[in-house]
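Thanks for coming, everyone. Let me put the structure up, and then we'll walk through its side-chain contacts.

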Amino acid sequence: CSYSSLDWLRSIPVKKNEAIHFKRPYMKIRRISNRSIGFDEYHYQDFVEVGYLYGRSFGKVVRINVSGGLGFVKGINFVENEFNGSTKETRFFSLGFPLEIGIDVIDFKYIGLAVCILGNINSKCTFLGGGLNLSLGKIR
């Protein structure tokens, strides 16, 4: 069974009023910091995620964007125990799989705003969070 690279695209069922858009591959860089204070401990995480993602958009009026790819996470975990004065610092680097799911709230020709759920699955510091994406430039 032999397929060209676009044969699988022709087999996707699409309703008459529905649109499927393929997003170009893009690079995403995020810096994330997390601080928490417990009863006798202070926790601090700071890491940078760099990912190369590819995705799809579904819909015309309300667009849903789904992206995934390959990337890496580099960061630091720091714990300070106030009770006994000990500190523990761990630096890490890990390959991971960045993911992002978003719904376009405002989608005009040159500006867009989306609410998204983002995350990265990796062996050292898997995370999940939410955010807002602001898009500027020619969107449609």
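This is a predicted model: local features need pLDDT of at least 70, side-chain atom pairs count only at pLDDT 80 or more; totals for chains, interfaces and linings use all residues.

Searching the whole structure gives three aromatic pairs. Take F47 and F92. Their ring centres are 6.4 Å apart and the planes sit at 55°, so this pair is tilted. Tilted covers what falls between stacked, under 30 degrees, and edge-to-face, over 60. Now look at where the two residues come from. F47 is in strand β3, residues 41-58, and F92 is in strand β5, residues 87-107, so the pair ties together parts 45 residues apart in sequence. F47 has 3% relative accessibility, so F47 counts as buried.

F47 has another partner. The rings of F47 and F127 have centres 5.1 Å apart and planes at 45°, so that pair is tilted too. F127 belongs to strand β7, residues 127-136, while F47 lies in β3, so here the parts tied together are 80 residues apart in sequence. What about the accessibility of F127? F127 has a relative accessible area of 14%, and is buried.

Next, charges. How many salt bridges does a search of the whole structure find? Five. I'll show you three of them.

Start with R30 and E100. Their side chains meet in a salt bridge at 2.5 Å, N to O. R30 is in strand β2, residues 26-37, and E100 is in strand β5, so this pair links distant parts of the chain, 70 residues apart. R30 is buried, at 11% relative accessible area. E100 counts as buried as well, with 7% relative accessibility.

Now D46 and R31. These side chains form a salt bridge at 2.6 Å, N to O. D46 lies in strand β3 and R31 in strand β2, so the pair ties together parts 15 residues apart in sequence. R31 is exposed, at 60%.

The next bridge is D104 with R63, at 3.4 Å, N to O. D104 sits in strand β5, and R63 in the loop between β3 and β4. Again the pair links distant parts of the chain, 41 residues apart. D104 is buried, with a relative accessible area of 13%. R63 counts as buried too, at 12% relative accessibility.

Last stop, the surface. Which residues make the nonpolar surface patch? They are V61, V62, I64, V66, I101, I103, I117 and L128. The patch comes to about 770 Å². Two elements give two or more residues to the patch: β4, residues 64-81, and β5. One of the patch residues is V66, found in strand β4. V66 has a relative accessible area of 38%, which makes this residue partly exposed.

To recap. Over to you for questions.

Notes. Residues are numbered from 1 along each chain as its sequence is written. Side-chain values use heavy atoms; hydrogens and water are left out. Rings of Phe, Tyr and Trp (its six-membered ring) pair if their centres lie within 6.5 Å; planes under 30 degrees apart count as stacked, over 60 as edge-to-face and the rest as tilted. Helices (H or I, at least four residues) and strands (E, at least two) are DSSP runs, numbered from the N terminus. Buried means under 20% relative accessible area, exposed over 50%, partly exposed in between (1.4 Å probe, protein chains only). Patches are made of residues with over 30% relative accessible area and no salt bridge: like charges are joined within 9 Å, nonpolar side chains (Val, Leu, Ile, Met, Phe, Trp, Tyr) within 5 Å. Accessible areas come from the Shrake-Rupley method with a 1.4 Å probe; for residues, only the protein chains shown count as cover. A salt bridge is a side-chain nitrogen of Lys or Arg within 4 Å of a carboxyl oxygen of Asp or Glu.
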